[in-house]
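Please read the points alongside the model.

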Amino acid sequence: MVSRQSLHDFLQPAGDGEKLQQKLIDISRRQNSHWLTPLWHEQYLAYRGRLAGSLNYYVVLDNHRFAARHTVATLAAGLLDALTREYLDVVSRRLPVERLDGRPLCMSQYDRMFKAVRLPLPQKDCYRVYPPADPHHVVVFYRDRLFQVKVTDGQGHPLSTDHLASQIQRLMNNARPDQGPGVGVLTTACRDDAAQMYEAIAQNPVNQQSLEVIRTALFVLCIDPKTEDRQALQKRMLLSTGRNRYFDKSCQIMLTENLEIGFNGEHTAVDGTPWFHLLNRVVDRLAAEGPAVAAPAAAAMPEELAWNLSEEIRTALGRLLADHQAVADSLYVDHLDFRRYGKEQIKQWGMSPDAFFQAALQLAQYRTFGQLRSTYESVSMRHFSQGRTECARAVHPETLRFVRAVCAEKISAAELKPLFLEAQRAHTERIRQCREGLGIERHLFALRSVYEEQGASLGIDQRPALFDSPGYRQLTHDFISTSGAGSGSISLFGFGPVTDDGYGIGYVIRDDSLHVTLSTHRVHREKGIQLLHYLEEGLQCFSEWN
C-alpha cells in the first residue's frame with residue numbers, strides 16, 4: 001500500500017510527476033537529441049566504480065569456419081583488416097542500414113564505436129571520439145607491452161593482410177620476454193583512482209604521447225596466452241589479469257594463442273546490438289577469405305609505445321593490479337551449452353525463442369530460490385532516433401502461475417502447456433510494448449534524473465516518495481540481469497552481476513542450441529550452479545510437452 005500511495009501522490013494533477021514531466025518535455029524540445037541521451041550518458045560517465053566487470057561485457061566469436069587455416073599472426077591480420085574495413089564503411093556511410101522486421105534501425109551508435117575512448121576524470125568522465133586521420137592505427141597488446149600497428153597507408157587505403165601479418169609476426173618474434181609496465185591496469189581502478197593515476201602518468205611528455213596513441217587508435221587488439229577451459233576463457237574475456245587490456249577503449253578484440261576470438265565492449269556510448277551486427281560481418285569476411293599464407297617478414301617492426309614511469313607510479317600500478325586480481329577472484333563464472341534443440345525447433349513449436357528461454361529461466365529461479373525476484377531484460381530501442389534500450393521485466397503474474405503449477409507437481413503436461421504458452425504470450429507482449437516506446441523504466445529514470453538536477457528550481461523540496469517506495473526499489477533491483485545476443489557468429493556472451501547479491505545471465509539462442517553464461521559473486525557460487533542445473537532441467541522437460 002505504501003508503494004501505491006506514493007504512486008498516487010506522484011500522479012496528482014500539478015503534483016511532482018506532472019512538474020517533472022513538463023520539465024522533461026521542455027528539455028527535449030530544446031536539445032538536438034533524444035530526451036534520454038544526455039541523461040543516459042550522464043549516468044554512465046558519473047559512475048565512480050570499476051568498469052571491468054560492471055559496465056563492460058564480452059562475446060566469444062564462433063571461429064569454426066576459418067580458424068584451422070590460420071596462425072596467430074595471420075588471424076590477427078585478418079581481424080585487423082576486417083575491422084578496419086568496417087570502420088571505413090562507417091565513416092564513408094557505406095554501411096547498409098540495419099533493419100528489424102522490415103523497419104530501419106537508427107545507425108547513430110556506429111559513429112561512436114571506433115577511435116573512441118572513455119577518459120577518466122574526477123567526479124565525471126568524458127567520452128571522446130576522434131576524427132579520421134590518415135594513416136590509421138591500432139594498438140596491439142602482447143605480453144603486457146603496447147605496440148602501434150599501422151592499418152592504412154597515408155591515403156587511408158587498407159594495408160594488405162600479408163603486410164599486417166608480417167607486422168604482427170615480427171612483433172611476436174621480437175617482443176622482450178619480460179613483462180611490460182602494464183599501464184592498462186589503470187583502467188581497472190575505480191574511476192576517481194583511475195583519473196588520479198592517468199593524470200600522474202600523463203605528466204611526462206613521453207607518456208602523454210603514448211596515451212595519445214591509445215586514445216586515437218581505431219581499437220585495441222590483445223594477443224593472449226592459451227586458455228585452459230571454457231570458464232578460464234570467460235574470465236579472461238570479461239576481466240583478464242588486468243595487464244593486457246585497456247578497458248577505457250570502446251572496442252577491445254582479444255585473440256588467444258589457441259585462436260579463440262573475443263570482444264570486450266565499454267558500454268557508455270554503444271549498446272551490444274550494433275557491435276553484434278558488425279562482428280557478424282567481420283566473421284563473414286574472415287570465413288569468405290581464401291586460405292591464409294605464412295606471414296612474410298618484409299614489414300618493419302611495429303613501434304613499441306614508450307613509458308617513463310616513476311617508482312611511485314609503478315608501485316601504485318602494482319597495487320591496482322592486486323586490487324583487480326582480488327575483484328576477479330571474487331567473481332564466479334559458469335556456462336551451460338544446451339545442444340538438444342535451439343531456435344528452429346522452438347519456432348516449429350509455435351513459440352518465441354526469447355520468451356521460451358525467459359520462462360525456463362524463471363522456473364529455474366523459482367526452484368533455486370523459492371520465489372521470483374526482479375529480472376531485467378534489455379530491449380533494443382533502435383527503431384527510434386538515437387534510441388538505446390528499455391527494460392522489460394520477465395516476472396509477471398502469468399509466469400508466477402506457471403512456475404507454481406510446475407513445482408506443485410500435481411498437474412499433467414497437457415494442463416501445464418497452456419500455462420506455459422500464456423506466460424510466453426505475456427512476456428512477448430511486454431517486449432512488444434517496450435519496443436514501441438511504451439516501457440516505463442527509462443521514463444521513470446529520466447524523471448528521477450530531472451528531479452536530481454532541477455528539482456529545487458521546480459519547487460520540489462523533497463525527493464518524490466515513489467523513488468524510495470518498496471515497490472520501486474524491488475522493481476529496479478536487478479537480482480537477475482539478462483541480455484540475449486542474436487547473432488549466429490557468437491558462441492558466448494556475458495557480463496558481470498549488476499547487484500551484490502545478484503546474477504548476470506547472457507544467452508545466445510542459435511539455430512540448434514542454446515548457450516548461457518552466468519556470473520555472480522563467489523559467495524553465491526553454489527546457488528549459481530543450482531540455477532544453471534534447474535535451467536538445463538527445465539529446457540529438457542519443455543521438449544517433452546511438445
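1. Strands β8 (residues 220–224) and β9 (residues 251–256) run parallel and are paired through five bridges; pairing requires at least two DSSP bridges between two strands. Valine 220 has glutamine 252 of β9 as its bridge partner. Strands are DSSP runs of E with at least two residues and helices runs of H or I with at least four, numbered from the N terminus.

2. This is a predicted model, in which local features need pLDDT of at least 70 and side-chain atom pairs pLDDT 80 or more, whereas totals for chains, interfaces and linings use all residues. Residues are numbered from 1 along each chain as its sequence is written, and side-chain values use heavy atoms, without hydrogens and water.

3. The open sheet has eight strands in mixed pairing, ordered β11-β7-β6-β8-β9-β10-β1-β16.

4. Arginine 236 belongs to helix α8 (residues 230–238). Its relative accessibility is 18%, so arginine 236 counts as buried (under 20% relative accessible area, 1.4 Å probe, protein chains only). Beyond neighbours within four places in sequence, arginine 236 contacts Asp224, Pro225, Lys226, Thr227, Arg245 and Thr256 (heavy atoms within 4.5 Å).

5. Helices α12 (residues 353–369) and α17 (residues 525–544) pack with axes 8 Å apart, at about 130 degrees; axes are lines fitted to C-alpha atoms, for helices over the stretch in contact, and angles run from 0 to 180 degrees between N-to-C directions.

How values were computed: Buried < 20%, exposed > 50% of the residue type's maximum accessible area, 1.4 Å probe, protein only.
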